[in-house]
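Q: I am new to this structure and would appreciate a careful look at one part of it, with some account of its surroundings.

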Amino acid sequence: MRRIAVFTGVLVALILPASFAHASGVKTIGSWAVVTHDKVGGRKDVAAIVSGKKSPFGLAIRCIDANLSAAFVPLTEERLFGPTRRSATLALQPDARPLSAIDGVVGDDHAIHLSSPMPLLELVLTTARLVVSVPAANGHTASATFDLTASRRALADLVQHCPGG
């Protein structure tokens, strides 16, 4: 029940900047939850989040006012990633390929925000399974495995409405 409440809170936080929407929809595509807001002039804001079973954090990708952003959001412990405004290097392992790294910053909302979300989006769209490890506040590493097999369908609106997507 706590996971559902946290998940709902994350979705609300993702869509708050889109509060002037005319219509909205929430749908589940594979392991993704996708929230779409139709805006004046045919524009859309799209937010999507995915998490694995028993994941300590989820992956959130959104396109709000044609701006792409991505973050890893804690699902079990608000301060999982430690103090705000600190840098965090994440290790990514897509489909058993070699590890790669991506940099982020812990925001005031306790999520790790990526300064350059496009490389992650490209990886998400071409990967079936992604293991992500992040530095945790306790000095250890927190890891999550994401099933991304439905990513192309789940993120189709987002890719269509964000520049470069």
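What share of the contacts in the protein between residues at least 6 apart in sequence join residues at least 24 apart? Please then examine the loop between β4 (57-64) and β5 (67-74), where Asp 65 has its place.

A: This is a predicted model, in which local features need pLDDT of at least 70, side-chain atom pairs count only at pLDDT 80 or more, and totals for chains, interfaces and linings use all residues. Residues are numbered from 1 along each chain as its sequence is written, and side-chain values use heavy atoms, with hydrogens and water left out.

Among contacts (heavy atoms within 4.5 Å) between residues at least 6 apart in sequence, 51% join residues at least 24 apart. The protein has 4 helices and 10 strands, taken as DSSP runs numbered from the N terminus: H or I of at least four residues for helices, E of at least two for strands. From the N terminus on, the order of elements is α-β-β-β-β-β-β-β-β-α-β-β-α-α.

Asp 65 lies in the loop between β4 (57-64) and β5 (67-74). Its phi is near 50°, a positive value in a residue other than glycine. Asp 65 counts as partly exposed because its relative accessibility is 35%; buried means under 20% relative accessible area, exposed over 50%, and partly exposed in between, with a 1.4 Å probe and protein chains only.

At 8% relative accessibility, however, His 110 counts as buried. In the protein, buried residues make up 45% of the 165 residues.
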